[in-house]
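Hi,

Here is the structure I promised to pass on. Have a look at it first, then read my notes below.

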Amino acid sequence: MTTVQKKAVLGQANPIAHLTDADIEQLGHELDAIRQDVLDSRGASDAAYIRKVIDTQRKLELGSRAVLLFSAFPPAWVLGTLGLSVSKILDNMEIGHNILHGQWDWMRDPKIHSSTWEWDMASPAEQWKHSHNELHHTYTNVIGKDNDLGYGIMRVDEDQPWTPSSLAQPVFCFINAVFFEYGIAAYDLELGSVIAKKQTKDPDFRRRAKQVLNKIRKQATKDYVVHPALSIPTGSFLPTLAANFTANVVRNLWSNSVILCGHFPEGVETFEKRSIDGETKGEWYVRQMLGSANISGSKALHLMTGNLSHQIEHHLFPDLPSNRYAEIAPKVQALFEKYDLTYCARPMPQQVASAWHKVIRLSLPNGWMATTNKKNAPQQLAILYKMATGDRRTRRLLGRKLESESRALGKAA
């Protein structure tokens, strides 16, 4: 039996129980072949693609900032804010994220290289590459190893203990979405863990914290001082300030939504630490396949998501050029079908709704939503109140009752 095991959640079956070790290793070989085909065919058209996207983004940002110099006029404010929002999303998603993954290092262009690129985000590129490339992509959806999973502020799996503070996670999730770039910077710093362990005086932490503060200062100076100040002659200081803030919030909300859609909707699996002991390359591939979800949509949507709408393909091959994910997606989906695995792909509205449903569901005790209806809502709210205000024993006993009732309803259905 493979070491990649899905936890038994309310009696759900292991989605890969039908696969033998040989099946998984053969699947790995077939995925390796898909990857190698792309590596062997990278060339001038790919290089032209990323250069065109970068050029377009820079012109869009410059043009939008020029329009916002006259943002005291409402049409200019709307046009400039929209353009700046789009340019920031492109810089973050299709350009920065993918360059920092090393997807374009093969071009040997020092201007488009993961070792030199810096992006329009609060988190310094070097720190992000460590937390994202080295940790998240290695330990995708492994609870206790992948800090991206819930960013340390959310309950992301039924096997994680429910506590009264879990009730607030929809609020935490929304606040994190609005200020996502700062949440990522704090996450890259492992700020919560450092504070909990009282390691704020550690020299290495202070060095990294200084880097983050310097980056934030540069970003804030550009968006909230220099650009608005240039608008003073037209009486547009405050409108330009508001436009920059709005564009940053739009970029944050969009980025957060794309990340939630790729990692957190219903149907995406999470894994225990012990499930990766002795993990082979084939088993790592299977974990990426089951721990990711795609967003179906147009070419424009794929571009604006940084092609993370192909999150499954990205998690399988994080260093392949993003413009090639659409090309290999049908091949990857065919392997899902061949090995009887679920390819989780839905339009963005459905994925966002599914992810937020999961955020809300897991903010509540296991089985509470499944056993609640209009008729018994008052009684269920009374149980929730008792669990939120009671001691651990009370939570444990009432929690077991809810899970038992939920299982019974599932069998009856």
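In which helix does Ser 131 lie? The answer is helix 4, which covers residues 125-136; helices here are DSSP runs of H or I with at least four residues, numbered from the N terminus.

Before going on, a word on the source: this is a predicted model, where local features need pLDDT of at least 70 and side-chain atom pairs count only at pLDDT 80 or more, while totals for chains, interfaces and linings use all residues. Residues are numbered from 1 along each chain as its sequence is written, and side-chain values use heavy atoms, with hydrogens and water left out.

Back to Ser 131: with a relative accessible area of 5%, Ser 131 is buried (buried means under 20%, exposed over 50%, partly exposed in between, using a 1.4 Å probe and protein chains only). Its side chain makes a polar contact of 2.3 Å with the side chain of Asp 188. That term stands for a pair of N or O atoms within 3.5 Å, where within protein one must be able to donate a hydrogen and the other to accept it, and residues adjacent in sequence count only if both atoms are side-chain atoms.

Next, salt bridges. Side chains of opposite charge can pair when their charged atoms come close. The rule used is a side-chain nitrogen of Lys or Arg within 4 Å of a carboxyl oxygen of Asp or Glu, and the count comes to 24. Here are two of them:

- Lys 215 and Glu 118 meet at 2.9 Å, N to O. Lys 215 sits in helix 8 (residues 203-230) and Glu 118 in the loop between helix 3 (74-100) and helix 4, so this pair ties together parts that are 97 residues apart in sequence. Lys 215 is buried at 9% relative accessibility, whereas Glu 118 is partly exposed at 41%.
- Lys 222 and Asp 120 also pair at 2.9 Å, N to O. This one links helix 8, where Lys 222 is, to Asp 120 in the loop between helix 3 and helix 4, 102 residues away. Lys 222 is partly exposed at 28%, and Asp 120 is buried at 8%.

Lastly, find Ser 354 in helix 14 (residues 348-363). Ser 354 is buried too, with a relative accessible area of 11%. Leaving out residues up to four places away in sequence, Ser 354 touches Pro 265, Glu 266 and Arg 346 (contact means heavy atoms within 4.5 Å).

Cheers

Definitions and conventions: Helix = DSSP H or I, 4+ residues; strand = E, 2+ residues; numbered from the N terminus.
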